[in-house]
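Welcome, and thanks for taking a look.

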Amino acid sequence: MEKFISFDEIKKSLENRETDCSAIVKYYLQNIQTKAHLNAFVEVYEQSALAQAELINEKIASGKAGRLAGMVIGIKDVLCYDAHEANASSKILQGFESQFTGTAVQRLIDEDAIVIGRLNCDEFGMGSSNENSVHGRVLNAADETRVPGGSSGGSAVAVQANLCTVSLGTDTGGSVRQPAAFTGIVGIKPTYSRVSRWGLIAYASSFDTIGVFSKTVKDNALVMEIMAGHDNFDSTASRKPVPKYSELLHFDKRVKIAYIKETIESPALQPEIKANTLAVLEKLKNEGHQVEEVDFPLLKYTLPTYYILTTAEASSNLSRFDGVKYGYRTPNAHNLESMYKLTRSEGFGEEVKRRIMLGTFVLSASYYDAYFTKAQKVRRMIKESTEDLLNKFDYIIMPTTPSTAFKFGEHSNDPVAMYLEDLFTVQASVSGVPALSIPNGKDKLGLPIGLQIITNSFKEAELYAFANYLSAFNSN
Amino acid sequence: MKIDVNTLKKIAHLARLEFDEAGAEKMTQDMSQILDWVEQLNEVDTQGVEPITTMSSEVNVLREDAVANHLTHEQGLKNAPQRDSDYFRVPKVME
Amino acid sequence: MLSAEVKSKYELVIGLEVHAQLLTKSKMYTSDSTEFGNLPNTHISVITLGHPGTLPKVNRKAVEFAIKMGLACDSTITRRNIFARKNYFYPDLPKGYQITQDKNPICVGGNVPITLSDGTKREVALTRIHMEEDAGKSMHLAGEVDTLVDFNRAGVPLIEIVSEPDMRSSEEAYVFLSEVKKLVKYLDICDGNMEEGSLRCDANVSARLWGAEEYGKKVEVKNMNSFRNVARAIEHEFERQILLIESGEEIISETRTFDAATGLTASMRTKEDLNDYRYFPEPDLSPVIVSEEWLSSIQGAMPSLPRELHHKFVNEYGLPEYDAGVLTDSKEIALYFEELCTLTRNYKAASNLMMGPVKSYLNELTLHISDFPIGPKRLAELIQLIDDGKVNFSVATQKVYPEMLIHAEKTPLAIAQELNLIQDSDEGSLIPIVESVLAENVVKVAEYKSGKKGLMAMFMGQVMKKSQGKADPKVATKILMELLDN
């Protein structure tokens, strides 16, 4: 019997003295142990989590507990947590201990969430299957021969398999939404700059966001509400006020919904996913909402735009991993140049090296205009078209992924095939707008299907409310 | 776009990466494939469109000129792969 | 060897890139300290060390300092500023990229006025001024297997001032640098010390035949640690290039390093020359918009500039160019002098005092004018004493002034009285002295009357001796002339 599916349940149990924080932590620790083969957790903070639990028990007793007291969270291996290792699932950061805690994580800790451990992911956030990790791959609990999605595979599985209440991942091109879809849970990518990136190991600076995995929309909303908002350490973080998302979930309007023809009619789209998506749209029509098909001819260009710009930014962001100040240094070097080359070639995995090479190429003098500048222009066009669409419609609905969870090794030899997995998620990343994936049934193999909802920048409240409403459509 | 071995070597050097023969072969293939694929962007008419240079909606996020938030000497050197009591150490540039 | 004749066929073209470290308390994008001279790796932070997960944040004061420099050089201030990453690998560059400005420097154009030794005045055109961060220090020591890296300096704010290839002699380069140094010190944005590295210069040198339309291939010269060495390096490089051109060889556009001991430049050509910096807009920083309001407030708080004060000293105070040049060399001296001139009308005397005894006092004791014991008011009083005829210039400077240095609280008049220095301007008391001198030197008087006018000096000397130096020279001369012409 799975306990604690939602934070509401936990809170109720605490209030009724049926449980306390120590019991909650022990419950999750037990699950983590039982499901260790899924390889979601890289490191479990057993001692400190239990110690924290006792402290919070006392706080609860004296009425001084924070809003997240009783919640147990896991954080992706790219989120800095003072005095704890952060490896970005890479050999090049093995043994590295962060010397500060990122803002998003700190805000949750300040509200008494307990961090139970560090979660597996694709190296530096680059991947859609969690097969590119120095810690080994993560298994999808729905079918252990299949990938959980990526890059935040570990974070997704942790919530899927009840190893923690909520987990933090990061979403640069779909790395929260896609694994959420593959594992049948809720996952959000907030508006770019809604959540501070201070403490997030950078992959692509103008795309990176910190996202949340949860079983319920409400839990997701609560955590986002606490994490989001202005931060003195992040110069790009938005100063816009943060609404209380968890208190704004009520939804009784009739709204205008668009779906993009090019998504529904994509030849790559698995038929069951198409069917389930159309079913939701049909139901919405029946409920009196306005549902319209629109054209988005730029859709196919979202992926190349994404890959040119993210690889470019990544190639620069990863230059700091040079064996000089921290992290791995090759034992085989005899001079500076070989130290750099061997450290980085030995320290980075294949996919990371591939993206660094691509990024370096598109930024190089002879090709900058043809690739990078071109992609920056197309990005503007995609962003503006998406925003225009979202000014005319309240929401865009589309499948989260073209297929359900694929088998391990399926795309290992074909990088482009792997990139195409992001087909439906990158539009929101390129545009900077928020997007959320909720479970939407299963395919005939029993693999979860995700439904993606997109709305305009800084409208997370509307997004959560609608997602909450839609969740009631299919109670799985 | 087809990448040749020389271009690969130049790019690898800029990125401080190196490949053995097989690795270089594969990387060249992969890059060529990916670049071919991204080249479809040329189908988009971007005449008169300004490249986007920031995704931030903020401006003038500035810091007052005051000293704060530093690491101690020991803390700073703590993660160094090679160090002495004062400095980070790296192999010399060999000419 | 290069003959003067061959050399005269060629025109020297110089562009300079000057880096000035800004006098902010904290670094350009992080809040660790910029203080100089501490133990290695003590002014560091997770951001400076380029730790994963860290982000930069712009120092407002550094932006203001850059704008000040632009205003002082008459540049156009860019209103919408973004930053860029310059990507390359070196141990003292912790992030593997420098955050700088590429396509939109904060200051565009502008000029720096220079005056050469022959009096020629011109304005050296600037291309741009932009903001960036300094790198750490790598030390390659003999006997050490490793390079030692210190990140204290990493992240210190810099402005880079780039001139057009607008200079035509090493003297122009030298004077340009001196003027830039003066400007940054006037503005209090940099201490302008090339020897300590707070001011650095790279030179771009090329040669072309006189009358040629195209510039020759330019060579970058680095590693010059003084203005003089900049001039030497340029001179050598010019000749080296001419010799190559004359022998039909190609000038390679490369980076060369200057060796102060030999006076020669040597190629630094390594794979680094193939470096492609892959500039792209810095995604971690939001744009900096310089509003009309902000610009006005900076403009309003600008100090007087050397060229403004120079102009004032020449045009309002009627001083020679030379005096104005010396007096505006340092801001503090110029301001002291300006104040002094509100207290006296004898601007030339004031100038002579400042350029003479005051400056040599300061130089001897390596003192700053702010530590000078005599304030402008007292100095003005001293000038007044001379103007009133109470002491002559040499008594003033040699007897009264030294006392004033020790007894700053005493007025010059009081000192002169105490030391019994007040000169005698009273004809009544001087006539008998002159008469006695003439009476004692009858032969000389006769010689004087028959044409040896030079003897006047001897008579004056005697009068001074008899009056214990207190005779007012003007009055004594008048009396001597009257009596001798009879």
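**A first look**

Across residues 335–484 of chain C, the chain is 71% helix and 0% strand, with its end C-alpha atoms 48 Å apart. UniProt, in an unreviewed entry, gives this stretch of chain C, residues 335–484, the feature "domain: Asn/Gln amidotransferase". Please keep in mind that this is a predicted model.

**Helix pairs in chain C**

Two packed helices are described by the angle between their axes and by the distance between those axes.

- Start with helix α10 (residues 376–387) of chain C and helix α11 (residues 393–406) of chain C, whose axes come within 10 Å and cross at roughly 150 degrees.
- Because angles over 145 degrees count as roughly antiparallel, that crossing makes α10(C) roughly antiparallel to α11(C).
- The crossing in which α10(C) passes α11(C) is right-handed.
- On the α10(C) side, Arg378(C), Leu379(C), Leu382(C) and Ile386(C) take part, and they meet Phe393(C), Ala396(C), Val400(C), Tyr401(C) and Met404(C) of α11(C).
- Sorted by class, the residues of this contact of α10(C) with α11(C) are eight nonpolar, no polar and one charged.
- Another pair in chain C is helix α3 (residues 170–186) and helix α4 (residues 227–246), with axes that come within 9 Å and cross at roughly 155 degrees.
- α3(C) and α4(C) are therefore roughly antiparallel to each other.
- Here, too, there is a right-handed crossing, as α3(C) passes α4(C).
- From α3(C), the residues Ser170(C), Ala173(C), Tyr174(C), Leu177(C), Ser178(C) and Lys181(C) meet Phe227(C), Arg228(C), Val230(C), Ala231(C), Ile234(C) and Glu235(C) from α4(C).
- The contact of α3(C) with α4(C) divides into seven nonpolar, two polar and three charged residues.

**The annotated domain and a helix pair in chain A**

- An unreviewed UniProt entry places the feature "domain: Amidase" at residues 24–463 of chain A.
- That span, residues 24–463 of chain A, is 38% helix and 13% strand, and its end C-alpha atoms lie 30 Å apart.
- In chain A, helix α12 (residues 350–363) packs with helix α13 (residues 368–392) at an angle of about 105 degrees, and their axes are 7 Å apart.
- That angle makes α12(A) roughly perpendicular to α13(A).
- Phe361(A), Val362(A) and Leu363(A) of α12(A) make the contact with Tyr368(A), Tyr371(A) and Phe372(A) of α13(A).
- This contact of α12(A) with α13(A) has six nonpolar, no polar and no charged residues.

**The annotated active site and a loop in chain A**

- UniProt (unreviewed entry) places the feature "active site" at Lys76(A), Ser151(A) and Ser175(A).
- These residues are spread over 100 residues of sequence, yet they cluster in space, with a largest C-alpha distance of 11.2 Å.
- Lys76(A) sits in strand β2 (residues 72–76) of chain A.
- Ser151(A) belongs to the loop between β3 (114–119) and α5 (153–160) of chain A.
- Most residues other than glycine have a negative phi, and most peptide bonds are trans.
- The peptide bond from Gly150(A) to Ser151(A) is cis, with omega near 10 degrees.
- Asn130(A), which lies in the loop between β3 and α5 of chain A, has a positive phi of about 55 degrees although it is not a glycine.

**Where chain B meets chain A**

- In this interface, 57 residues of chain B are in contact with 68 residues of chain A.
- Chain B and chain A bury about 5600 Å² between them, and 67% of that area is on carbon and sulfur atoms.
- Trp37(B), Leu41(B) and Met55(B) supply 14% of the area that chain B buries against chain A, more than any other three residues.

Methods:
Residues are numbered from 1 along each chain as its sequence is written. Chains are lettered from A and ligands numbered from 1 in the order in which they are written. This is a predicted model: local features need pLDDT of at least 70, side-chain atom pairs count only at pLDDT 80 or more; totals for chains, interfaces and linings use all residues. Side-chain values use heavy atoms; hydrogens and water are left out. Axes are lines fitted to C-alpha atoms, for helices over the stretch in contact, and angles run from 0 to 180 degrees between N-to-C directions. Helices (H or I, at least four residues) and strands (E, at least two) are DSSP runs, numbered from the N terminus. Angles under 35 degrees count as roughly parallel, over 145 as roughly antiparallel, 65 to 115 as roughly perpendicular and the rest as oblique. A crossing is left-handed if the near helix is turned anticlockwise from the far one by less than a right angle, and right-handed if clockwise. Contact means heavy atoms within 4.5 Å. Ala, Val, Leu, Ile, Met, Phe, Trp, Tyr, Cys and Pro count as nonpolar, Asp, Glu, Lys and Arg as charged, and the others, Gly among them, as polar. UniProt positions are given in the numbering used here, feature names are shortened, and annotations may be inferred rather than shown by experiment. Buried area is the accessible area (1.4 Å probe) that two parts lose on being put together, summed over both.
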